[in-house]
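I opened the model to look up its ligand site and one of its pockets. My notes follow in the order I made them.

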Amino acid sequence: MEQVTVKQQSSLNIAGKVKDYMMLIKFSLSFMVVFSAVISYLLAPKVVEFDWLHIILLFTGGLLVTGSANTVNQIVEKDTDAMMMRTSKRPVASGRMQPAEAWAFAIIAIAAGLFILGYFFNWLSAGLALFSWFVYAYMYTPLKKVSAVSVLLGAVPGALPCLIGWAAGQDELSAGGWVLFAIQFFWQFPHFWAIAWISHKDYTNAGFKLMPSVEGPTKYSAIQSIIYSLVLIPVGMLPYLVGMSGMISFYIVLVANLMMLWLSIRLYREMEKKAARRVMFGSYIYLAVVLLALLMDKIPVG
Ligand code: HEM
Ligand SMILES: CC(C)=CCC/C(C)=C/CC/C(C)=C/COP(=O)(O)OP(=O)(O)O
């Protein structure tokens with residue numbers, strides 16, 4: 001009887017540990033980041049077949065590097081994460097995991113991730129991943145407390161996964177990679193400002209300055225969301241214009257862009273958290289739909 005209890009206890013511990021590591025690497029966010037890298041890899045003209053081994057390797061390498069960046073972010077922000085409802089249950093912030101354990105994981109993960117990218121793909125993609133890791137963990141993260149300009153800087157490592165995936169497939173930084181970078185770069189502003197709108201009180205209590213306006217969720221912030229959604233319309237036409245995808249995805253991307261614009265306009269008109277939540281969920285759907293549409297409609301030249 002006693003033995004069963006001990007067994008149950010240890011499996012509970014393992015489940016708890018797994019859950020902690022999922023939180024440490026911010027699994028859902030990292031999954032989407034790596035998804036964007038894999039789709040960009042598959043969009044590269046030199047990648048002509050759907051090779052599962054390479055897809056799994058890119059996914060694993062990307063997840064390790066991104067997970068490491070998110071771990072360093074949680075070590076650096078452990079005190080402020082502890083002050084916010086949204087983040088207080090994270091393993092390092094809550095004290096369930098010692099920073100030394102998190103550091104050990106971060107170092108092993110970045111080394112393993114860079115090795116996978118460099119050895120199985122090329123050192124261009126590994127170099128870009130290291131650059132991205134550095135900008136996110138050591139430039140964006142400390143700047144969050146200083147100014148909303150940090151979001152502009154954070155959008156660089158946020159969009160680089162597209163270029164990393166493209167470089168892994170193409171071994172060069174050609175137009176298609178930059179086009180995907182541009183789409184993901186501009187997408188991040190409506191995405192994040194909706195999140196910051198919802199959690200504004202939390203962010204302010206912890207001393208973060210992330211909204212475009214110092215007063216927080218104002219009409220000005222909503223206008224910024226509208227402006228970036230407007231910019232996304234011509235940027236979303238670029239894959240068709242540079243010849244990397246066809247007419248069907250052109251229209252799908254256009255509809256997705258009009259949806260983002262409409263959601264941002266509704267935020268401006270309603271000025272409610274409910275409207276910000278719509279922008280946030282809309283942004284998740286947007287990126288998945290746009291990337292998949294481009295891949296389904298790939299024109300393998302260039
Ligand atoms: C400037 C760049 C970005 C900022 C500041 C940002 C910020 C955030 C924050 C704070 C959350 C947490 C929301 C919550 O706790 O409910 C979040 C969620 C999320 N972000 Fe972003 N993000 C950025 C870029 C990206 C990129 C590039 C991707 C993917 C390609 C991405 C995908 C996601 C996903 C999938 C979630 C949902 C995670 C979950 O529900 O656990 N984000 N983002
Ligand atoms: C290849 C590579 C290493 C890329 C880096 C990818 C990466 C982590 C992108 C996310 C971009 C970003 C600024 C997220 C928000 O973090 P946050 O600190 O504002 O979120 P939080 O408040 O929830 O901690």
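How much space lies in the second largest pocket? I noted first that this is a predicted model. I then read off about 240 Å³ for the second largest pocket.

**Pocket lining.** I listed 14 residues lining this pocket. Closest to its centre are Phe208, Lys209, Leu210, Met211 and Val214. I checked which element gives the largest share of the lining: helix H10 (residues 200-205), with three residues. By class, I found eight nonpolar residues, five polar and one charged.

**Iron.** Next I turned to ligand 1. I looked for protein donors to its iron atom and found a single one, His191, through NE2 at 2.2 Å. I placed His191 in helix H9 (residues 175-198).

**Shell around ligand 1.** I found 19 residues surrounding ligand 1, the closest being Arg86, Gly158, Gln188, His191 and Tyr203. Helices H2 (27-43), H8 (149-170), H9 and H13 (273-296) each give two or more residues to this shell. H9 provides the largest share, six residues. The shell divides into twelve nonpolar, six polar and one charged residues.

**Polar contacts.** I looked up two side chains here. Arg86 has a polar side-chain atom 3.1 Å from an oxygen atom of ligand 1. His191 has a side-chain N or O atom 3.0 Å from a nitrogen atom of ligand 1.

**Domains.** Last, I asked where ligand 1 lies relative to domain 1 (1-172) and domain 2 (174-301). Both domains give residues to its shell, so I put ligand 1 between them.

How values were computed
Residues numbered from 1 in each chain as written. Chains lettered and ligands numbered in written order. Predicted model: local features only at pLDDT ≥ 70, side-chain atom pairs only at ≥ 80, totals over all residues. Heavy atoms only, no water. Donors = N, O, S within 2.8 Å, 3.2 Å for Na, K, Ca; no water. Helix = DSSP H or I, 4+ residues; strand = E, 2+ residues; numbered from the N terminus. 1 Å grid on protein atoms, 1.4 Å probe; cavity = no way out; pocket = protein on both sides within 12 Å on 5 of 7 lines; lining within 4 Å. Points joined across faces, edges and corners; volume = space filled by probe spheres on them. Nonpolar A, V, L, I, M, F, W, Y, C, P; charged D, E, K, R; others polar. Near = heavy atom within 4 Å. Polar contact = N/O pair within 3.5 Å; in protein donor to acceptor, adjacent residues only side chain to side chain. Domains from an automatic or database assignment.
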